[in-house]
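Morning, everyone. Please look at the structure on the screen while I talk.

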Amino acid sequence: MTQSKTEVLVGGAVLAVAVGFLTYAAQITGAGGNAASYPLTASFRSLEGVNVGTDVRLAGVKIGSVNSVVLNPKTFRADTIILVKEGIEIPDDSAITIASEGLLGGNFVEIVPGGSPFMFEPDAEIEDTQSAVSLVSLLLKFVSGSGE
């Protein structure tokens, strides 16, 4: 009898930890879906290492994610739609860049805020973009000595 009570208690504890972990994971990844957001667009020459779902950060804080990436057949650029959490206003002279978390880390989209008193409206285009830098091409330039 004592053994079955212990098994029930341990099973309940494991179940509680599992539910807590799933709740935490849903909050961290934004899977809850209850946060309202608005779209902004940008066009990049290269989106190397960025996919749908990649974080969008401002001052190192996640404020949204990449929602759509398509190749524009006329400009041969990667047209991107990002979703920014409602309530976060971004000056309309801000820049958007592809940044890296380090040599072995992944890429993310970073917004560098400007100083304009006017803010982006939903569906606005961020025109000041900086594409991803390819580490392989940088290493090749360094090794070949052609880097100026």
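I'll start with the overall layout, then go through the sheet, the core, the charged residues and a few single residues.

First, the ground rules. This is a predicted model, so local features need pLDDT of at least 70, side-chain atom pairs count only at pLDDT 80 or more, and totals for chains, interfaces and linings use all residues. Residues are numbered from 1 along each chain as its sequence is written, and side-chain values use heavy atoms, with hydrogens and water left out.

Now the layout. The protein chain has 2 helices and 8 strands. Helices (H or I, at least four residues) and strands (E, at least two) are DSSP runs, numbered from the N terminus. Read from the N terminus, the order is α-β-β-β-β-β-β-β-β-α. The chain has 148 residues, and 26% of them count as buried. Buried means under 20% relative accessible area, exposed means over 50%, and partly exposed is in between, with a 1.4 Å probe and protein chains only.

What about contacts along the chain? Contact means heavy atoms within 4.5 Å. Take the contacts between residues at least 6 apart in sequence: 61% of them join residues at least 24 apart.

On to the sheet. In what order do the strands of the open sheet lie? The order is β7-β1-β4-β3-β2-β6-β5-β8, 8 strands with mixed pairing. The edges are β7 (125-126) and β8 (128-130), and each pairs on one side only. Two strands pair if DSSP finds at least two bridges between them. Strands of a sheet pair through backbone hydrogen bonds, either parallel or antiparallel. Take β3 and β4: their pairing is antiparallel, over 8 bridges. Within it, Val66 has Ile82 of β4 as its bridge partner.

Ile82 brings us to the core. A nonpolar core is a set of buried Ala, Val, Leu, Ile, Met, Phe, Trp, Tyr and Cys residues joined through side-chain atoms within 4.5 Å. The largest one here has 22 residues. Which of them touch the most other members? Those are Leu40, Ile82, Ile90, Ile96 and Ile111. β1 gives the most, with 4 residues.

Zoom in on Leu40. Leaving aside neighbours within four places in sequence, Leu40 has contacts that include Ile81, Ile82, Val84, Ile90, Phe120 and Ile126.

Ser43 is buried, at 12% relative accessible area. With neighbours within four places set aside, Ser43 is in contact with Arg77, Ala78, Asp79, Glu125 and Thr129.

Next, charges. How many salt bridges does a search of the whole structure find? It finds 3. A salt bridge is a side-chain nitrogen of Lys or Arg within 4 Å of a carboxyl oxygen of Asp or Glu. Asp55, Arg57, Lys62 and Glu101 are linked in a network of these bridges.

Let's walk through that network. Lys62 meets Asp55 at 3.5 Å, N to O. Asp55 also meets Arg57, again at 3.5 Å, N to O. Arg57 then bridges to Glu101, with the closest N and O atoms 2.7 Å apart. That last pair links distant parts of the chain, 44 residues apart: Glu101 is in the loop between β5 (95-100) and β6 (107-112), while Arg57 is in strand β2 (residues 55-58).

Buried or exposed? Arg57 is buried, at 17% relative accessible area. Asp55 is partly exposed at 22%, Lys62 is partly exposed at 29%, and Glu101 is partly exposed at 47%.

Last stop, two loop residues. Ala59 is not a glycine, yet it has a positive phi of about 55°. Ala59 is in the loop between β2 and β3, and it is exposed at 74% relative accessibility. Phe76 has a positive phi too, near 55°. Phe76 lies in the loop between β3 and β4, and it is exposed at 62%.
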